[in-house]
Amino acid sequence: MSRAQAESVIKNIIREIAQECASKGQAVSETLVAFMVKAVVLNPSNEFNVDRTLTKDDVQKLIKLCVEQLLDARSPALDTVKMQVYFDMNYTTRSDFLDEHRRVLESRLQPVIREITDSRARTREELESLYRKIVSAVLLRSGLGSPTDIAVVREATAALQSVFPQTELGTFMSLSKRDKERQILELTMIVTGIRLFNKECGKGGEGIDDLPAILNEAVPATTQSVDTEIQTTLHQAFKYTTLLEKAHAGERLEGLSLQLVRESLINSRQHEAFLRVILSDVISCAQQVEMLENQLAARMEQLQNTIQSKTAVPTAQVYPQFIHLAQLWSGFQDEMVLLSVLSNILASLEPFTRGHRDIFGDDVLGQYLSGAHVKSDEERVKDVSGPDQFVNPKDYQVSQYDWLFPETTKNFHRLSLQYRGYCALTLGKFDRLLLPSNPDIGVLRYKDHHYAFSSKAAAYEFAENPTMYIQLVAEGAKRSPELIQLLELHNQFSTITPYSQGKDAGRMLEKPVTKCDSGSQTDTHFMDTNIVKTYEWNEWELRRKAIKLSNLRTKVTHSIQTNLSNMRRDNVTQVYLPKDNATQTKVDSATNVPKPQVFLAGLRGGGMSEPTDMTKVDLTIDVGEQ
């Protein structure tokens, strides 16, 4: 059987189950049927083998089991699955809600915009009709009043004429289609800002609702409704938890189905989780409305100061402020839409909890809870909040594991706890019993997951064999598939995928290959280098280069090419031209003078009788006679 044929078989099974349920008066969606098919196959008690091809008998058995479970009117588990399917199909993030809302509005407005941009009006009547269409488009896009209200149309027309008189239709017609759409959007925002400002001044505002006042009433009312619903759901969950604790303590509860109580507890906890998501979004709405109100007041005050009682104001000063005013009002409209969607989801979740409330009314539960103290989540946490209730990581029972505490762990309260924060031990040991944990006792980090517990004793017991208890939780989730979403166990069940996502044709469910050959390589230089080769730190070197470049401006570049280098490559040379320079060297010269020689005679004297007579004789010889 090929993959396409197998997918066709699965679709036929889902379609046949849906048709059989419809024939018995129960309409179900294909998404719900597909989830139920997977739940039935996962349940070990149904004995489906995921590693072999389903036979005809297996298919008939699968269809029969799915139809029986889908038609069970007294099944809180089925209500929980329906609730999860509904919430997944209808709830998304705040930004996605608003994006989808804007997309729907634009799609509805497209025919009107297209009629304007494609118009080829020539006559006066056609131009007047085109202008009226532009006014209608402005009103429809802004959402401020109905285009069929004469007073609203008259006010919008007056505001539009102040910024876009009919005489400019000729220029508008010459624009391209995209420019026309852009100008219509800009005109819508300016006209919206003008009308909002006139409403603030008491000079107009026909058909404009006071959205800030409406939201200031609706947001607290919605918050109160969600909070009341949470308290009602929690009160019911506390009763179910107390009953299951009594049963596990050994008390006999005659005539009470513990399976139904367990399914009702799961339903209540799932309802609580969805309500807290809605409450978080409503609180975000309240914060957003408060911020928008502050900005709106500041913008109105700034416009008042800009315009005051002037007869004419430059458009460059007021148009941007009118546009910002329109954007703020659009924010209020978004909050109205979001609050309406959240209120609808809140009301739609309630029927999914009605089943177990009808089964276990106060009169039914009262006879089993007589004399018992129904503890709340806060009381359970308070009972194990003493210093002696905390895990001691030095104890030999738990010393081999890594324990996290608020005092020693940064962002401790942001840890992603397994099983949505419910006690990991009671889920496995007491067959899917949902007890809130107290992370302050100590959080166990085991195989990159974080587990919290309802008491110190539960933490120590879980640490003796974590793998066994984790497996017990997985087995319990197979018997109650609604726990997969409630406890966020999708990663734990990632090895089992629907057939349409499988790789081997002919099997309903399969285990994918978890091993593969892979390789990786790191680039030598995966980051771009920022080294500048021409950088010089020396100022004198930069001056030298500058002088050299200055000199090159007066030089001539020559190039030559020979026969041998032809068609091979281009050769270019550049030289300094020779200069005419002259130098002068030293001259060798010499002089010669006569050597003086003098002789003195008669220095010894003539004795006693004769006087001394000295005679000086010059014996110097001339240079030429030597």
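Mentor: Let's start with helix 20, residues 539–552: its 14 residues reach 20 Å from first C-alpha to last, close to the 20 Å expected at 1.5 Å a residue (that is 1.5 Å times one less than the number of residues). Helices here are DSSP runs of H or I with at least four residues, strands are E runs of at least two, and both are numbered from the N terminus. Keep in mind that this is a predicted model, where local features need pLDDT of at least 70 and side-chain atom pairs 80 or more, while totals for chains, interfaces and linings use all residues. Numbering runs from 1 along each chain as its sequence is written, and side-chain values use heavy atoms, leaving out hydrogens and water.

Now the open sheet: 3 strands in the order 1-2-3, paired antiparallel (pairing takes at least two DSSP bridges). Strand 1 (402–404) and strand 3 (449–451) sit at the edges with a single partner strand each, so one side of each has no neighbour in the sheet. Strand 2 (443–446) meets strand 3 over 3 bridges, and Arg445 has His450 in strand 3 as its bridge partner.

Last, the largest nonpolar core has 68 residues, and Ile134, Leu160, Phe164, Ile278 and Leu349 touch the most other members. A core here means buried Ala, Val, Leu, Ile, Met, Phe, Trp, Tyr and Cys residues joined through side-chain atoms within 4.5 Å, with buried meaning under 20% relative accessible area (1.4 Å probe, protein chains only). Helix 12 (315–349) gives this core its largest share, 14 residues.

Definitions and conventions
Buried means under 20% relative accessible area, exposed over 50%, partly exposed in between (1.4 Å probe, protein chains only).
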